Amino acid sequence: MKPCFGYIRVSTERQGDGASLEAQKDAIKGFASQHNVEIVQWFEERETASKTGRPIFGEMMNALTSGAAEGLVLHKVDRTARNFSDWSRLHEVAKLGIKVYFAADSLDFGTRGGQLLADIQMALAADYSRNLSQEVKKGIYGRIKNGIYPFRAPPGYLDTGGGNVKA
């Protein structure tokens with residue numbers, strides 16, 4: 001069996017309380033059992049993949065480059081990276097001969113065509129995050145323009161809940 005790392009991620013600490021991490025882990029375990037892969041270490045992260053500097057992702061990539069595992073099993077492309085810097089790190093470990101697998105996407109990252117499809121999916125995931133950021137800001141500014149403070153009330157004001165008039 002090929003010793004591999006497993007990586008699962010959600011965007012926030014609060015999302016980590018839901019079922020997503022377990023569902024990702026189950027998909028990776030199923031993939032591993034079908035492809036003669038043994039998950040020797042799990043890496044779980046509760047951080048956005050839109051920004052660089054995820055500590056667990058960095059720790060895992062460093063361990064891979066030092067030869068701690070022969071491969072990496074990820075749930076899906078959009079659970080892996082949503083910024084080009086981290087995505088290039090994944091390509092770098094693949095160039096070192098470390099196998100990169102996606103449990104829920106039918107991609108062969110070891111081929112030029114598989115890498116192309118994964119690159120396109122990552123670019124779409126990065127754009128999705130940028131667009132979501134713009135839409136959230138537009139909503140916040142729209143509420144402020146309409147006289148509604150969309151956050152918790154500042155000190156000294158009665159907090160009537162998000163999106164309600166503060167008195």
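**View 1. Where helix H2 meets helix H3.** Phe 57, Gly 58, Met 61, Asn 62, Leu 64 and Thr 65 of H2 touch Asp 86, Arg 89, Leu 90 and Val 93 of H3, where contact means heavy atoms within 4.5 Å. Sorted by type, the residues of this H2 and H3 contact come out as five nonpolar, three polar and two charged. For that sorting, Ala, Val, Leu, Ile, Met, Phe, Trp, Tyr, Cys and Pro count as nonpolar, Asp, Glu, Lys and Arg as charged, and the others, Gly among them, as polar. Everything here comes from a predicted model, in which local features need pLDDT of at least 70 and side-chain atom pairs count only at pLDDT 80 or more, while totals for chains, interfaces and linings use all residues. Residues are numbered from 1 along each chain as its sequence is written, and side-chain values use heavy atoms, with hydrogens and water left out. Helices (H or I, at least four residues) and strands (E, at least two) are DSSP runs, numbered from the N terminus.

**View 2. How H2 and H3 cross.** The axes of H2 and H3 come within 10 Å and cross at roughly 20°. Axes are lines fitted to C-alpha atoms, for helices over the stretch in contact, and angles run from 0 to 180 degrees between N-to-C directions. H2 and H3 are therefore roughly parallel to each other. On that scale, angles under 35 degrees count as roughly parallel, over 145 as roughly antiparallel, 65 to 115 as roughly perpendicular and the rest as oblique. The H2 and H3 crossing is left-handed, meaning that the near helix is turned anticlockwise from the far one by less than a right angle; clockwise would be right-handed.

**View 3. The buried residues of H2.** Which residues of helix H2 (residues 55-65) are buried? Phe 57, Gly 58, Met 60, Met 61, Ala 63 and Leu 64 are, with buried meaning under 20% relative accessible area, exposed over 50%, and partly exposed in between (1.4 Å probe, protein chains only). These buried residues of H2 pack against E1, E2, E3 and H3. Just after H2 comes Gly 67, with a positive phi of about 90°.

View 4. The axes of H3 and helix H4 (residues 112-145) come within 11 Å and cross at roughly 160°. That makes H3 roughly antiparallel to H4. Their crossing is right-handed. On the H3 side, the contact is made by Phe 84, Trp 87 and His 91, and on the H4 side by Gln 115, Ala 118, Asp 119, Met 122, Ala 123, Ala 126 and Arg 130. By type, the residues of the H3 and H4 contact are six nonpolar, two polar and two charged.

**View 5. The open sheet.** Four strands line up in the order E2-E1-E3-E4, with parallel pairing. Strand E2 (37-46) and strand E4 (99-102) stand at the edges, each with a single partner strand, so one side of each has no neighbour in the sheet. On average, neighbouring strands of this sheet are turned by 25° against each other, direction ignored. Two strands pair if DSSP finds at least two bridges between them. As a general point, strands of a sheet pair through backbone hydrogen bonds, either parallel or antiparallel.

**View 6. Strand E3 and its partners.** E3 (residues 71-74) pairs with E4 in the parallel sense over four bridges, and four bridges also join E3 to E1, again running parallel. Leu 74 has Phe 102 as its bridge partner in E4. Which way do the E3 residues point? Gly 71 and Val 73 point one way, Leu 72 and Leu 74 the other way, and all are buried.

**View 7. Helices lying across the sheet.** Helix H1 (residues 20-34) lies across strand E1 (2-10), E2, E3 and E4, running at about 160° to E1. Helix H3 (residues 84-95) lies across E3 and E4, running at about 130° to E4.

View 8. Asn 36 sits in the loop between H1 and E2. The phi of Asn 36 is near 55°, a positive value in a residue other than glycine. Is Asn 36 buried or partly exposed? Asn 36 is partly exposed, with a relative accessible area of 48%. Gly 97 lies in the loop between H3 and E4 and counts as exposed, at 53% relative accessibility. Gly 97 and Glu 70 are 27 residues apart in sequence and 7.9 Å apart in space, C-alpha to C-alpha.

**View 9. Ile 144 in helix H4.** Ile 144 belongs to H4 and is partly exposed, at 42% relative accessible area. How many residues apart in sequence are Ile 144 and Gly 114? They are 30 residues apart in sequence, and 45 Å apart in space, C-alpha to C-alpha.
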